Amino acid sequence: MTKSPTTPSFESRLLTTASRVEALLDKLLSSGCLHDELVRPQRLLDAMRHGTLNGGKRIRPFLVVESTALFGGNAGAALRIGCALECLHSYSLVHDDLPAMDDDDLRRGKPTVHVAYDEATAILAGDSLLTYAFDVIAAPETALSDRARIELVLALARAAGIGGMAGGQALDLAAEKQAPDEAGIVLLQSMKTGALLRFACEAGAIIAEAPAEDRARLRRFGEVIGRAFQLADDLLDLTSNAATLGKAAGKDAARGKGTLVALKGQEWAEAELDRLVAEAESLIGAYGEKATTLIEAARFVANRKH
């Protein structure tokens, strides 16, 4: 589709949403106490801010915002849900970087939280970000029906917990000792990385209280996006460097982690990315021009360089 001169480009929409997310996260992670909070310990708050207000593409909140816009849902509520998701995602990165997990010193070009502070503070910062995510969803400032908020809490809990991201991380750690087969790799990646991206897309339909068939379609779109995101990530780990990525490169191979790129090769991975993008486009193409930004998001996820 040819854009009119007044239609913002995908890149500008992504940057604008990232800026709005950063501003709201800054406000949410301020030193002022909320009702029933006694005090926000400064060092802990600083560590939470270090692990969250560190730039990034904010692709997960962007998908929440754009999937909500697809159905004409509440934009302000979508931004808050996107920030809740980003708090939970940031918690996962803080814990993922710990010495007991992936043991990384860099995240987005900056020292990881346990390096900048200490391990105990990093653990507590992650714990606090995880619980705060559900606080933001449930808070009265998130202008949604009770039903929508309950469904969002349930969907995010399932995406983040034992049967989702956390369970996927457990499978990933086990894969360092015994490499899984192709089906096992797909399963752990669909949990560790894909579950939150699936939620990001499905959340828009929940926020807008769209019909069940629309929610199912956006859920499947999110699953495909998640597959593409992880495959692109594995390719970058193989082909890029720390300066470009803002984190260590080549760690999957060094730790013997099984990836689809390692199993099936770079050429296959690039072809599979093309197939996944085509599937994503076919899933939401029926929505017409309203789906243009989400289709561009699928291409962005597959073709990103960092």
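A crossing of two helices is left-handed if the near helix is turned anticlockwise from the far one by less than a right angle, and right-handed if clockwise. Helices here (H or I, at least four residues) and strands (E, at least two) are DSSP runs, numbered from the N terminus. This is a predicted model, in which local features need pLDDT of at least 70 and side-chain atom pairs count only at pLDDT 80 or more, while totals for chains, interfaces and linings use all residues. Residues are numbered from 1 along each chain as its sequence is written, and side-chain values use heavy atoms, with hydrogens and water left out.

Start with helix α4, residues 75-96. Its crossing with α6 is left-handed. Helix α6 covers residues 119-138. The two axes come within 8 Å and cross at roughly 160°. Such axes are lines fitted to C-alpha atoms, for helices over the stretch in contact, and angles run from 0 to 180 degrees between N-to-C directions. The crossing angle therefore makes α4 roughly antiparallel to α6.

Which residues of α4 and α6 make the contact? From α4, they include Ile81, Ala84, Leu88 and Tyr91. From α6, they include Ile123, Gly126, Leu130 and Ile137. Contact means heavy atoms within 4.5 Å. The residues of this contact divide into 15 nonpolar, three polar and two charged. Ala, Val, Leu, Ile, Met, Phe, Trp, Tyr, Cys and Pro count as nonpolar, Asp, Glu, Lys and Arg as charged, and the others, Gly among them, as polar.

Now turn to α10, residues 194-207. Helix α4 packs against α10 at an angle of about 160°, with the axes 11 Å apart. These two helices are therefore roughly antiparallel to each other. Here the crossing is right-handed. On the α4 side, Ala78, Ile81, Leu85, Leu88 and His89 take part. They meet Leu196, Phe199, Ala200, Ala203 and Ile207 of α10. By class, this contact has nine nonpolar residues, one polar and no charged.

Next comes the core. In soluble globular proteins, nonpolar side chains tend to be buried together. A nonpolar core is a set of buried Ala, Val, Leu, Ile, Met, Phe, Trp, Tyr and Cys residues joined through side-chain atoms within 4.5 Å. The largest one here has 81 residues. Leu63, Ile81, Leu152, Phe199 and Phe221 have the most contacts inside it. Helix α4 gives the most to this core, with 11 residues.

Is Leu152 buried or exposed? Leu152 is buried, with a relative accessible area of 0%. Buried means under 20%, exposed over 50%, and partly exposed in between (1.4 Å probe, protein chains only). Beyond its neighbours within four places in sequence, Leu152 touches Ile81, Ile137, Leu144, Phe199, Ala203, Ile206 and Ile207. Ile137 lies 15 residues away along the chain, yet the two C-alpha atoms are separated by 7.5 Å.

Finally, visit the loops. Thr193 lies between α9 (182-192) and α10. Thr193 is buried, at 11% relative accessible area. Leaving aside neighbours within four places in sequence, Thr193 is in contact with Gly226, Phe229 and Gln230. Asp36 sits in the loop between α1 (10-28) and α2 (42-52). Asp36 is exposed, at 69% relative accessibility. Its phi is near 80°, a positive value in a residue other than glycine. Most residues other than glycine have a negative phi. Asp103, in the loop between α4 and β1 (106-107), has a positive phi near 55°.

How values were computed:
Angles under 35 degrees count as roughly parallel, over 145 as roughly antiparallel, 65 to 115 as roughly perpendicular and the rest as oblique.
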